[in-house]
Amino acid sequence: MASRSGRMVDGTDGTDHQFRERVASQYQVSAKNKSRLKLFVFIHWMVGGVHLLRLLPDNIVPLPPTPPPSELDYAWLASLPFTLVAMSASRRSNAGGMKVFTYGVLGLGVCPLLVTLFLYSPDALQFILSGNTKGLFLWNGLPFAVLWSGFSVLCILVHVLEILVGRTLMAAWAPRHGKRS
């Protein structure tokens, strides 16, 4: 092997580059998706901060009041500790921990958001289809149901991406069986 300006190693003329060791594809996939998972977990925590602002009492937050939160909004917060499990599993390449994370995000992240979308859908559809805000809770002049539905769709997108990346990592960490020829 040769360096750019140094001596060439004895016994090779540089034509053996095709036979040198390469990083196995599953390790490349693992490294790339670990960094993606970190990004999505960071976004998950940022979204969690917005969620917490909504759940705080109106007299603490210097924002206009929102409708009273439902139990589903509090249930969604339980998805945040699963991100810590994901980071631990990612550092150790532990498929079991990643599986716990994916099921936790699915059950405590995606499901409450889908039910929230269903509950806000009549008000959101009323505004989208007719533009009428009569009887709707307005937050800064906009229907809260539409704003929170959009926020919920963003959260669902982040969760689905987290789950997909987690499944990709589990597949990359799966043991390889069989002989290679």
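A crossing of two helices is left-handed if the near helix is turned anticlockwise from the far one by less than a right angle, and right-handed if clockwise. Helices (H or I, at least four residues) and strands (E, at least two) are DSSP runs, numbered from the N terminus.

The model is predicted: local features need pLDDT of at least 70, side-chain atom pairs count only at pLDDT 80 or more, and totals for chains, interfaces and linings use all residues. Residues are numbered from 1 along each chain as its sequence is written, and side-chain values use heavy atoms, with hydrogens and water left out.

**Stop 1: helices α4 and α5**

Select residues 95–130, helix α4, together with residues 144–173, helix α5. Their axes come within 8 Å and cross at roughly 160°; axes are lines fitted to C-alpha atoms, for helices over the stretch in contact, and angles run from 0 to 180 degrees between N-to-C directions. Helix α4 is therefore roughly antiparallel to α5 (angles under 35 degrees count as roughly parallel, over 145 as roughly antiparallel, 65 to 115 as roughly perpendicular and the rest as oblique). The crossing of α4 and α5 is left-handed. Residues of this contact divide into 23 nonpolar, seven polar and three charged (Ala, Val, Leu, Ile, Met, Phe, Trp, Tyr, Cys and Pro count as nonpolar, Asp, Glu, Lys and Arg as charged, and the others, Gly among them, as polar).

**Stop 2: threonine 116**

Remain in helix α4 and select threonine 116. Threonine 116 counts as buried because its relative accessibility is 5% (buried means under 20% relative accessible area, exposed over 50%, partly exposed in between, with a 1.4 Å probe and protein chains only). Leaving aside neighbours within four places in sequence, threonine 116 is in contact (heavy atoms within 4.5 Å) with Leu72, Asp73, Trp148 and Ser152.

**Stop 3: threonine 83**

Next, select threonine 83 in helix α3, residues 80–92. Threonine 83 is buried, at a relative accessible area of 0%. Its side chain reaches the backbone oxygen of leucine 80 at 2.5 Å. Not counting residues up to four places away in sequence, threonine 83 touches Val41, His44, Trp45, Phe101 and Glu162.

**Stop 4: tryptophan 139**

Finally, select tryptophan 139 in strand β1, residues 138–139. With 22% relative accessibility, tryptophan 139 counts as partly exposed. A polar atom of the tryptophan 139 side chain lies 3.0 Å from the backbone oxygen of proline 64. Tryptophan 139 and threonine 66 are 73 residues apart in sequence, yet 6.8 Å apart in space, C-alpha to C-alpha. Not counting residues up to four places away in sequence, tryptophan 139 touches Pro64, Pro65, Thr66, Phe144 and Leu147.

Conventions: Polar contact = N/O pair within 3.5 Å; in protein donor to acceptor, adjacent residues only side chain to side chain.
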